[in-house]
Amino acid sequence: MGLPVSQILLVTGFLLILIGIWGILAHRNILRIIIGFSLIDTGIHVVMVATGYVTGGTAPIIDAALGKADAAANAVDPIPSALVVTAIVIGFSVTAIMLSFAIRLYDAKKTLDIDAITDSKW
Amino acid sequence: MKRVCAILAVLMFAAMFLGLVQAYSERQARSPLAEYYLTQVPRELGAPNVVTGILITYRGFDTLGEVAVLFMVAAAVGVLLGSKKEQRAKTSSTDGKGPSELVRTGAEVILPLIFLFGAYVIMNGHLSAGGGFQGGAVVASGVMLLILAMPASKLDHGFLSVTESLAGVLYVSIGILGIIIADGFLDSHVLPLGKFGTLLSAGAIPLISALLGIKVGAELSVVIDRFRS
């Protein structure tokens with residue numbers, strides 16, 4: 001069978017987080033920094049879902065393939081999935097706010113380069 | 001120098017993550033809380049989708065807070081981007097080229113399907129993968145396509161905010177109704193459970209799902225429309 005599913009998911013998620021951190025640290029354009037932030041966000045979601053996987057488990061939805069009685073024995077842990085829905089919404093909100101700040105910064109400075117924005121407000 | 005520091009930081013994170021991955025062994029058993037949810041959601045709430053049951057009933061208060069966060073984001077984006085409207089309108093009208101015929105005709109064919117699929121995802125949240133947030137996001141992506149294909153179209157913000165507020169008020173009233181006739185705030189037992197696995201079952205969960213879908217769809221549409229400069 002090779003690598004277990006949760007291991008593959010964990011590696012993918014952590015790789016996404018690393019790419020995002022690199023994007024934030026190496027790029028000077030605010031939009032690219034925001035994209036890096038979204039990548040970190042997505043990576044964390046993948047990692048969170050991966051930690052909910054139980055060997056041999058299936059989606060926690062009762063249907064013809066998964067009876068009411070054996071749900072507790074055959075389904076994966078539903079709690080990380082429920083938490084990730086919350087996390088996705090919060091991640092979307094943060095991205096939206098960051099993008100609107102970026103637009104306002106561009107209006108004020110006519111540039112998206114973070115090195116050009118050096119003045120502190122207080 | 002900066003680049004070296006960045007590489008160093010990424011490498012250190014990589015080492016940390018490598019340790020985490022190597023030490024992680026796949027779980028063989030569910031936690032007691034997960035087992036409780038997996039048995040109680042189908043039995044007590046009558047919802048086949050355990051995740052939706054957790055989100056809307058057991059963690060209903062959390063979901064209400066999430067919707068409040070979305071509302072605040074819509075308001076904040078409005079404050080940040082809404083003030084200089086006239087100037088924005090001027091800049092956007094100058095680069096006059098509209099979308100290609102392909103996009104416009106494609107949008108006319110696909111848009112109804114996207115909205116239909118959004119409604120389907122919203123209404124089947126308690127039966128299969130889906131729910132209010134997901135369906136609302138699908139509807140908002142349809143609105144995004146509408147904005148891209150027909151840049152001249154105007155979204156009626158007044159109508160959207162009234163719809164959204166009504167959905168929010170109804171959502172909270174269902175929650176308060178839960179205190180009065182069921183076991184607590186946002187308890188889904190205010191409506192009869194119905195037959196397991198049918199569209200109108202699982203108490204108030206489909207209703208709350210639909211309200212959430214309307215609210216999220218309207219809020220995301222407003223946010224997307226604000227970004228159109």
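User: How many residues of chain B are in contact with chain A?

Analyst: The model is a predicted one. Counting heavy atoms within 4.5 Å as contact, the chain A side comprises 51 residues. The number of chain B residues in contact with them is 54.

User: What share of the area buried between chain B and chain A do carbon and sulfur atoms give?

Analyst: The area buried between the two chains is about 4,500 Å². Of this area, carbon and sulfur atoms give 71%.

User: Which helix gives the most to the side of chain B that touches chain A?

Analyst: Several helices of chain B each supply at least two residues of this side, including α2 (32-45), α4 (60-81) and α9 (205-227). The greatest contribution is 11 residues, and it comes from α1(B).

User: How many residues of the side of chain B that touches chain A are nonpolar?

Analyst: This side also holds 7 polar and 11 charged residues. Between chain B and chain A, the count of salt bridges is 0, while 4 residue pairs are found in polar contact, both members at pLDDT 80 or more. The number of nonpolar residues on the chain B side is 36.

User: Are α2(B) and α3(B) roughly parallel or roughly perpendicular to each other?

Analyst: The axes of α2(B) and α3(B) lie 9 Å apart, and the helices pack at an angle of about 75°. Angles of 65 to 115 degrees count as roughly perpendicular. The two helices are therefore roughly perpendicular.

User: How many residues of the contact of α2(B) with α3(B) are charged?

Analyst: Among the contacting residues are B:Tyr37, B:Leu38 and B:Glu44 of α2(B) and B:Val50, B:Ile54 and B:Tyr58 of α3(B). The contact contains 7 nonpolar and 3 polar residues, and the number of charged residues is 1.

Key
Residues numbered from 1 in each chain as written. Chains lettered and ligands numbered in written order. Predicted model: local features only at pLDDT ≥ 70, side-chain atom pairs only at ≥ 80, totals over all residues. Heavy atoms only, no water. Buried area = accessible area lost by both parts, 1.4 Å probe. Salt bridge = Lys/Arg side-chain N within 4 Å of Asp/Glu carboxyl O. Polar contact = N/O pair within 3.5 Å; in protein donor to acceptor, adjacent residues only side chain to side chain. Helix = DSSP H or I, 4+ residues; strand = E, 2+ residues; numbered from the N terminus. Nonpolar A, V, L, I, M, F, W, Y, C, P; charged D, E, K, R; others polar. Axes fitted to C-alpha atoms, helices over the stretch in contact; angles between N-to-C directions. Parallel < 35°, antiparallel > 145°, perpendicular 65-115°, else oblique.
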